[in-house]
Amino acid sequence: MPRYFTDEHEWIDVEDDIATVGITDYAQEQLGDIVFVELPAIGTMLDKGGDAAVVESVKAASDVYAPITGEVAEGNGMLEDDPALVNSSPEEDGWFFRMTVSDKAELEGLMDEAAYKEFVAGL
Amino acid sequence: MAPEDMSAEMPLGTLPLDAWHRSHGGKMVPFAGYEMPIQYSGDTISHGGGIVAEHTWTRESASLFDVSHMGQLALKDADNDPGSAARALEKLLPGLITNLKPGKMRYSFLLTEAGGVIDDLMVANTGPHLALVVNGACKWDDIAHLREHLPDEITLTHFDDFALLALQGPKAGEVLESLIPGTGALTFMTAGLFEWAIDGETVHLWISRAGYTGEDGFEISIHQSKVEVLANALVADDRVNPAGLGARDSLRLEAGLPLYGHDLDLNTDPVTADLSFALSKKRREAGGYFGHQAIAARLADAEAGALARRRVGLTIEGRMPAREGAEVYSGDTKIGHVTSGGFSPTLGHPIAMAYVDSAYAAEGTQLDIAVRSKRLPATVSPMPFVPHRYFRGS
């Protein structure tokens with residue numbers, strides 16, 4: 001399953017026509033202790049680059065953007081009781097939401113893992 | 001993902017402990033004109049680091065905070081008579097300073113004629129002079145204000161070559177007593193000069209038993225050339241870990257302590273800020289300070305139940321925090337706004353300070369806070385949210 005990354009530190013896994021979205025290990029490290037995640041409601045239409053979710057750390061609220069255009073299909077209910085999953089398992093159990101893929105061509109503009117690693121190393 | 005913009009005006013100053021913070025995994029951010037650690041991480045931090053771990057460690061053991069950004073000032077006259085400095089300072093603030101005995105300290109405010117808060121500060125009588133500790137972000141304005149309004153015979157000294165360390169937490173007393181014998185005898189809001197023998201030298205420390213976390217603890221003033229030795233000696237004790245600005249903010253919020261520039265400003269008076277405890281009774285009547293008329297009018301308003309607005313604590317349902325600027329509602333009516341808010345690590349739910357229309361300021365009043373598209377149910381709650389545990393003597 002291919003994984004893509006954005007320069008806003010979201011990751012996106014695409015399987016068939018459904019994408020799973022979360023924030024990267026680098027992102028959770030920068031945010032620190034996460035206390036709440038506000039997820040988009042199922043059925044919400046997201047535009048690539050638009051606001052999708054909000055992640056609240058002890059210190060501040062940060063926006064999470066939609067990496068591609070599509071419709072929200074599912075939210076990660078586990079984050080409601082245990083938002084710290086985003087800190088302990090950002091790129092697996094701590095995923096945020098699943099969405100449809102409206103336009104596969106949008107994926108081409110995203111980074112692969114090697115490119116993202118290089119991007120983070122340069123920050 | 002877009003983290004909050006932490007940028008500030010350049011250029012930033014560096015603290016005497018800058019390299020020490022970095023070697024202890026301090027994540028440096030701009031604050032009050034300095035690069036300061038917001039939190040720590042890495043092998044030297046026994047609890048693993050991060051704001052919540054640093055917060056909890058402070059409530060359970062002891063944490064070392066570098067607060068050297070704060071302004072350390074001294075006032076005295078040519079005869080080393082703190083009495084004349086006290087009389088002069090009393091014209092600028094509402095606290096009783098002339099009766100402050102050597103070794104005692106008091107919380108007060110610099111006020112405008114309109115009763116607005118220029119800064120909140122600590123005033124101590126050291127014996128030969130008055131020592132003031134003011135907020136880092138306000139210190140240059142405070143110095144200008146003091147210099148403008150104090151008579152020429154009062155000397156104002158800015159101890160800008162001194163660092164300030166805060167050791168805070170229930171184990172702070174035993175830790176500091178083991179390092180600097182005698183400090184354990186200080187009680188809350190008292191201070192003294194201590195000698196610390198280290199590396200064949202005697203270092204002088206001005207130590208006060210106070211802080212900004214709600215816990216027992218100390219603030220230690222030390223020359224910048226010796227501060228690294230002291231920081232190392234303190235964290236060498238297993239009971240002590242360093243803690244950054246993030247934990248300092250969540251701790252003071254739980255303790256109900258206002259942060260200047262957020263919960264206090266030029267447009268806010270101490271009565272509206274619910275800090276009337278710091279308005280000395282004698283001086284409420286006698287006056288003779290900037291802002292007295294306005295303060296007297298606000299106190300009369302408060303007495304008559306006619307105060308326009310008041311600072312309150314809010315306990316928020318659920319887990320979503322409300323931040324500074326969030327609007328507070330009673331039904332559909334906007335009745336105030338949040339000035340500080342966040343998740344309370346100790347309580348496990350969000351808390352906030354807000355200014356609300358005083359008709360809605362009674363404890364137990366049910367309100368809503370607007371956060372993005374949601375309304376968060378909130379209850380007006382007494383502060384501190386987490387009880388203070390100051391050491392007032394055994």
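Close-up 1. Two strands pair if DSSP finds at least two bridges between them; strands (E, at least two residues) and helices (H or I, at least four) are DSSP runs, numbered from the N terminus. For this predicted model, local features need pLDDT of at least 70 and side-chain atom pairs count only at pLDDT 80 or more, whereas totals for chains, interfaces and linings use all residues. Residues are numbered from 1 along each chain as its sequence is written, with chains lettered from A and ligands numbered from 1 in the order in which they are written.

**Close-up 2. The hairpin of E19(B) and E20(B).** E19(B) pairs with strand E20 (residues 374-381) of chain B in the antiparallel sense over 6 bridges. Asp368(B) has Pro377(B) as its bridge partner in E20(B). The hairpin has 2 residues between its strands, and Arg372(B) in the turn has a positive phi of about 50 degrees.

**Close-up 3. The crossing of helices H2(B) and H7(B).** Helix H2 (residues 51-60) of chain B packs against helix H7 (residues 245-254) of chain B at an angle of about 55 degrees, with axes 8 Å apart. Axes are lines fitted to C-alpha atoms, for helices over the stretch in contact, and angles run from 0 to 180 degrees between N-to-C directions. H2(B) passes H7(B) in a right-handed crossing, that is, with the near helix turned clockwise from the far one by less than a right angle.
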